[in-house]
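This report describes a single protein chain.

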Amino acid sequence: MNKNAFFGCICDLRRAINSSLDNFQLSVTLVPFWTSSRFGVTIILFFGWFYIFSIRVNINMSIVCMVNHSAIGVNDINDGPFMWDRTVQANILGAFLWPYAILQVPGSILVTKYGAHKVFGCVLLLSSVLTPMIPVLSRVHYIGAIVLRSTLGALMSVTFISFQYILGRWIPVQERSRLSALTYAGLESGILVTYAMTGFFCEHGFDGGWPSIFYIHGILGFILSVFWIVFIRDTPEKSKRISDEEKKYILDNIPIKDESTDSLKKTKIPWKGILTSVPVYAIIVVLFASDWAFLFMGTFVPTYLDDVFHFNSQNNGLISALPSIPLLVVTLLTGPLSDFIQNRCLSRGNTRKLFTVLLTSLDIVCSTILKRMFSGHSKPAMIVPAFIMVGLSHVDCSSPELAIVLLLLCNFMRGFRYAGFLENALDIDPRYAGVIFGLANIGGSLAGYFSSVVVGSIT
């Protein structure tokens, strides 16, 4: 390269940088981010995930305080009023998942026809009424707890679908990963806070301790439903609070161009195209594998810590919450990182594959590890080239610190799923992302249910 050509490249680069800075400043001036409507929608979705997973996992920790372990032949310092054996406990823990799984497709049709604003708003109101009833019916018979948990699972079957529906219509493509990751951070935050709160209220709450967490979640659900109904709209066109500049910015940067405000009920779902799509089946397979580990860990870590290490309720809650911290941090970091990689290095598809490979490799290892831990074996049943499996498979009741560290390591990499395959449904077609993810979530939910049943039958 001669001298003139070199300086010519430098000048071109300088002009490109100046142009980018000018465009950025113009974008910030006309379409602010932190005070924007789309950021407000993202925050409400964050608290939506927070609440949904709070009521989804509150029973996982509460059941440690609800069961009279001494009466069923288990030595434990946490004794509650109910004489529920392992099978009953597993059925209660898994009751949420089977209706949640089988209603994914009907739920996706419902959201597609009537919109997420109405459907999920009704779900929030109903769940805020049903959740405080769990302590009442549990004291009558354990079947009451199973029925209520199943009903909540049925209602929550529209959650992922509704949120994918909103994200596909509100979030510009270039901001999709970072804002989606921020909403999913509410999921991990809900698990983190709920485990810690439940452990505390088991010992210091009202009405016997453990029931108080269900009453609190009922109140939170009602408050959130008000915010959802008042502030959330299905599309930017339907919002009265959005500026014209931001509305144009969003509509110019989302793939959905032909959806009028009155066309929801006339929408025809392209079932043939969806059911014959290879990428759709790839999402289904990966979600099944990922959720087997994700839901297994979320459901049984409190029980594992109680059975093996006999922590009191408050310490159990705090320690059960700890694995969510690295997962939350990774979730918040992977969104901006994914957008950066897509803009600078890889295509969107290859970026999703990168994060999914990082996720699934460790998910498989961690699922195997925890099953071996929970079933009480001292040697690994599979040869897995990972030191973490070898370490955890030999942890006993004298080494709780080591178990906690390895549990943290297990959760660390799982945050990559939020910048990986969980975004693929929006990439394929944001109009029908809820339907696509609803199909995939059938397998994921069944994986969680059957892992609960298997553990209940072998422990």
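A residue is called buried under 20% relative accessible area, exposed over 50% and partly exposed in between, using a 1.4 Å probe and protein chains only. The model is predicted, so local features need pLDDT of at least 70 and side-chain atom pairs count only at pLDDT 80 or more, while totals for chains, interfaces and linings use all residues. Residues are numbered from 1 along each chain as its sequence is written, and side-chain values use heavy atoms, with hydrogens and water left out.

**Overall**

The chain has 459 residues, of which 55% count as buried. Its secondary structure consists of 21 helices and zero strands; helices (H or I, at least four residues) and strands (E, at least two) are DSSP runs, numbered from the N terminus. Of the contacts (heavy atoms within 4.5 Å) between residues at least 6 apart in sequence, 79% join residues at least 24 apart.

**Aromatic rings**

Rings of Phe, Tyr and Trp (its six-membered ring) pair if their centres lie within 6.5 Å; planes under 30 degrees apart count as stacked, over 60 as edge-to-face and the rest as tilted. The structure holds 18 aromatic pairs. In one of them, phenylalanine 82 and tryptophan 84 are stacked, because their ring centres are 4.5 Å apart and their planes lie at 5°. Tryptophan 210 and phenylalanine 214 make an edge-to-face pair, because their planes lie at 85°, with the ring centres 6.4 Å apart. The members of these two pairs are buried, as tabulated below.

| Residue | Relative accessible area |
|---|---|
| Phenylalanine 82 | 9% |
| Tryptophan 84 | 5% |
| Tryptophan 210 | 5% |
| Phenylalanine 214 | 0% |

One aromatic cluster is formed by Trp49, Phe53, Phe120, Phe160, Phe163, Tyr184 and Trp228.

A charge sits over a ring if NZ of Lys or CZ of Arg is within 6 Å of the ring centre and within 35 degrees of the ring normal. Arginine 169 lies over the face of tyrosine 165, 3.7 Å from the ring centre. Arginine 56 is placed over the face of tyrosine 100, at 4.8 Å from the ring centre.

**Helices α6 and α11**

Helix α6 (residues 116-130) packs against helix α11 (residues 211-231) at an angle of about 160°, with the axes 8 Å apart. Axes are lines fitted to C-alpha atoms, for helices over the stretch in contact, and angles run from 0 to 180 degrees between N-to-C directions. The two helices, α6 and α11, are therefore roughly antiparallel, a term for angles over 145 degrees, with under 35 counted as roughly parallel, 65 to 115 as roughly perpendicular and the rest as oblique. Residues of α6 that meet α11 include Phe120 and Leu124, and those on the α11 side include Phe222 and Trp228.
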